[in-house]
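Me: I'm new to reading protein models, and I'd like a close look at one part of this one. Could you walk me through the sheet and what sits around it?

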Amino acid sequence: MSEAWYVARTRPRAEHRAKDGLERGGMECFLPTVAAHSPGPGVQDDPLFPGYLFVRYDHSRSGTTPLRQVPEIAGLVAFGGEVPAVPDEIMSDLRQQVEAINGRGGLFHDIRPGDHVWVRLGAKAP
């Protein structure tokens, strides 16, 4: 097999450090980030998928050995013991969608303090 994209789990709030560590080791990574309002003034880049990033390498040849060199990586996403690759087409579409979101000013570009919003999913209030 050759290189493919995989989803790696990171330690909590360690996505950027995990990406930096993997890239220092020579691995190709993609951490989708979107513009979000920061607690202070301005905007910050937040992970679109907190706790996850994408890494491209030859898993069949290397296993998880290169990932274990980076303490912020918790492992690869697996289903039933199988680690699925993410097709290149999906990665390309994801990159385009992230660019489009950021081109519009981020996920919540139209929401301002005081605006009414609807929460469609989540825990019920007691």
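Reply: Here is a tour of the sheet, then the helices across it, and then a few single residues. One thing to keep in mind from the start is that this is a predicted model.

Let's start with the sheet itself. It's an open sheet of four strands, and if you walk across it the order is E2-E5-E1-E6, with antiparallel pairing. At the edges you'll find strand E2 (28–30) and strand E6 (73–76), each of which pairs on one side only. Going from one strand to the next, the twist averages 35°. As for what holds such an arrangement together, strands of a sheet pair through backbone hydrogen bonds, either parallel or antiparallel.

Now zoom in on one pair. Strand E1, residues 4–10, runs antiparallel to E6, and the two pair over three bridges. If you want a spot to look for, find Ala8: its bridge partner in E6 is Leu76.

Next come the helices. Helix H1 (residues 15–24) lies across E1, E2, strand E5 (52–57) and E6, and it runs at about 10° to E5. Helix H4 (residues 88–103) lies across E1, E2 and E5, and its angle to E2 is about 50°.

Between E1 and H1 there's a loop, and Arg13 sits in it. Is Arg13 buried or exposed? It's exposed, because its relative accessible area is 71% and the cut-off for exposed is over 50%.

For a contrast, follow the chain past E2 to Pro32, in the loop between E2 and strand E3 (33–37). Pro32 has a relative accessible area of 1%, so it counts as buried. What does Pro32 touch, once you skip residues up to four places away in sequence? The answer is Asp46, Pro47, Leu48, Phe49, Phe54, Leu94 and Val98. Pro32 and Gln97 are 65 residues apart along the chain, yet their C-alpha atoms are separated by 9.6 Å.

Finally, have a look beyond H4, at the segment after it, where Val119 lies. Val119 is exposed, with a relative accessible area of 70%. Together with Leu107, Phe108, Ile111 and Val117, Val119 makes a nonpolar surface patch of about 480 Å².

Technical notes. Residues numbered from 1 in each chain as written. Predicted model: local features only at pLDDT ≥ 70, side-chain atom pairs only at ≥ 80, totals over all residues. Heavy atoms only, no water. Pairing = 2+ DSSP bridges. Axes fitted to C-alpha atoms, helices over the stretch in contact; angles between N-to-C directions. Contact = heavy atoms within 4.5 Å. Buried < 20%, exposed > 50% of the residue type's maximum accessible area, 1.4 Å probe, protein only. Patch = residues over 30% accessible without salt bridge, like charges linked within 9 Å, V, L, I, M, F, W, Y side chains within 5 Å. Areas by Shrake-Rupley, 256 points an atom, 1.4 Å probe, with all protein chains shown as cover. Salt bridge = Lys/Arg side-chain N within 4 Å of Asp/Glu carboxyl O.
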